[in-house]
Amino acid sequence: MCDKRLCACEKKTMPGFMSPDDERVKALERAYAEFAEIDSRSLLKKHLTQQVFDTLKSRLTNAGSTLMDVIQSGLKNHDSNVGVYAPDQHAYDVFAPLFDPVIEEYHAGFTSNDVHPDLDWGTPEDLGDLDPEGQFLISTRIRCARSVDGYPLNPTMTEAHYRNLEEKVQGALSSLEGELKGTYYGLVGMDKETQQRLIDDHFLFKEGDRFLEAANSNRFWPTGRGIFFNDAKTFLVWCNEEDHTRLISMEKGGNLSSVYSRLVKAVTEVGKELRFSRHRRLGFLTFCPTNLGTTIRASVHARFPKLSEDYARFQEIAGMYNLQIRGTRGEHTESEGGVYDVSNKRRLGLTEREVVFEMRNGVLELIKQEKQLQGL
């Protein structure tokens with residue numbers, strides 16, 4: 001099984017080094033001196049101490065990435081929550097003195113000595129329908145990301161990498177059958193009207209995120225990017241957006257069992273065709289350190305009109321279950337029409353089953369609280 005394999009990045013764990021006189025090292029030193037003077041609440045600011053910086057400033061990954069590739073988004077966007085990205089899979093080992101404390105804080109205590117558990121999907125039927133009467137939940141969506149072994153991550157991919165990987169992903173998706181069978185649409189050649197309609201329907205990703213742009217992940221756009229979806233539009237795959245692939249299962253209402261079961265089937269089938277990058281300690285590897293391990297984000301779009309009036313209380317209850325509240329269009333967006341996106345925050349150090357159950361239990365508690373406030 002692909003989840004048991006080590007990705008190619010782990011075949012060489014020792015970093016290369018640049019000369020102290022290298023212009024890249026000098027540029028890093030100037031950038032860090034400026035960053036030390038600014039006010040930021042990012043995890044980058046907190047954990048990139050002078051000692052850590054001096055340890056890492058000359059290091060190179062086997063793909064040629066430097067510390068600048070890791071931190072450039074956080075240097076530019078002082079309002080970042082995290083501020084670091086992995087330009088290639090090897091970066092997680094080479095720049096571990098920075099990544100490890102960031103990962104530990106974000107993932108609720110997953111330390112450098114912890115090991116992510118083996119793949120365990122559990123039993124989807126146990127999850128049930130969270131809102132059978134359709135009072136609060138508009139839709140349910142679960143996605144996971146997978147990087148394909150043998151290819152670097154976005155910031156260090158060449159144009160040829162993008163094209164070749166898109167072809168490989170298309171080939172894997174063409175083998176899907178039954179309810180998963182669908183069609184792939186490349187962004188190259190897609191008319192603007194179709195593209196905007198898919199974005200408005202929350203199916204398609206779009207260019208323009210300043211955090212990703214600063215991390216150098218939008219190069220050669222739209223080359224190598226595209227979307228696959230089945231006829232019912234309940235299963236989607238994004239190719240070369242933030243990660244190599246994002247597999248998404250979704251449907252109206254709150255039937256978590258149905259959505260999760262479809263995702264498990266899809267990831268299993270695609271995994272027969274593609275070898276995924278998996279780290280012995282961090283699980284499945286992706287571009288962003290917030291999205292490691294299971295890489296699962298299980299979410300609902302929901303209306304909690306009474307509970308959201310006391311937003312601090314809303315956040316408090318969500319936090320008890322390690323849930324994150326975001327706008328309807330994802331991270332860094334606001335609520336539209338009183339609709340909130342509620343999802344699990346933890347992805348690392350738990351099994352797939354545990355991640356989805358954590359989201360399930362938290363959403364059920366939010367529904368319970370909302371009912372009490374409405375007198376239902």
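Helices (H or I, at least four residues) and strands (E, at least two) are DSSP runs, numbered from the N terminus. This is a predicted model, so local features need pLDDT of at least 70 and side-chain atom pairs count only at pLDDT 80 or more, while totals for chains, interfaces and linings use all residues. Residues are numbered from 1 along each chain as its sequence is written, and side-chain values use heavy atoms, with hydrogens and water left out.

**Stop 1: N218**

Select N218. The loop between α9 (210-214) and β5 (226-230) holds this residue. Is N218 buried or exposed? Its relative accessible area is 11%, so N218 is buried (buried is under 20% relative accessible area, exposed over 50%, partly exposed in between; 1.4 Å probe, protein chains only).

Now show the side chains. N218 and E213 are joined by a side-chain polar contact of 3.0 Å. A second one, at 3.5 Å, links the side chains of N218 and S217. A polar contact is a pair of N or O atoms within 3.5 Å; within protein, one must be able to donate a hydrogen and the other to accept it, and residues adjacent in sequence count only if both atoms are side-chain atoms.

Leaving aside residues up to four places away in sequence, N218 touches E207, G208, D209, L212, E213 and R225 (contact means heavy atoms within 4.5 Å).

**Stop 2: W221 and P222**

Stay in this loop: P222 also lies between α9 and β5. Look at the peptide bond joining W221 and P222. It is cis, with omega about 5°.

**Stop 3: positive phi**

Most residues other than glycine have a negative phi, and most peptide bonds are trans. Select K233, in the loop between β5 and β6 (235-239). Its phi is positive, near 55°. K233 is partly exposed, at 27% relative accessible area.

Go on to N322, in the loop between α11 (311-320) and β11 (323-326). Phi of N322 is positive too, near 55°. N322 has 24% relative accessibility and counts as partly exposed.

**Stop 4: helix α6**

Select residues 96-106, helix α6. Which of its residues are buried? They are A96, L98, F99, D100, V102, I103 and Y106. These buried residues of α6 pack against α2 (43-47), α3 (50-56), α4, α5 (91-94) and β11. Step just past α6 to A108, where phi is positive, about 55°.

**Stop 5: α1 against α4**

Show helix α1 (residues 23-35) with helix α4 (residues 67-76). They pack at an angle of about 30°, and their axes are 11 Å apart. Axes are lines fitted to C-alpha atoms, for helices over the stretch in contact, and angles run from 0 to 180 degrees between N-to-C directions. That angle makes α1 roughly parallel to α4 (under 35 degrees is roughly parallel, over 145 roughly antiparallel, 65 to 115 roughly perpendicular, the rest oblique).

Colour the contact. From α1 come A27, L28, A31 and F35; from α4 come L67, M68, I71, G74 and L75. Eight of the contact residues are nonpolar, one is polar and none is charged.

**Stop 6: E352**

Finish at E352 in helix α12 (residues 352-374). E352 is buried, at 1% relative accessibility. Show its contacts beyond four places in sequence: D118, L119, D120, W121, Y260, F284, T294 and I296. Then pick E370, 18 residues from E352 along the chain. Their C-alpha atoms are separated by 28 Å.

Notes
Ala, Val, Leu, Ile, Met, Phe, Trp, Tyr, Cys and Pro count as nonpolar, Asp, Glu, Lys and Arg as charged, and the others, Gly among them, as polar.
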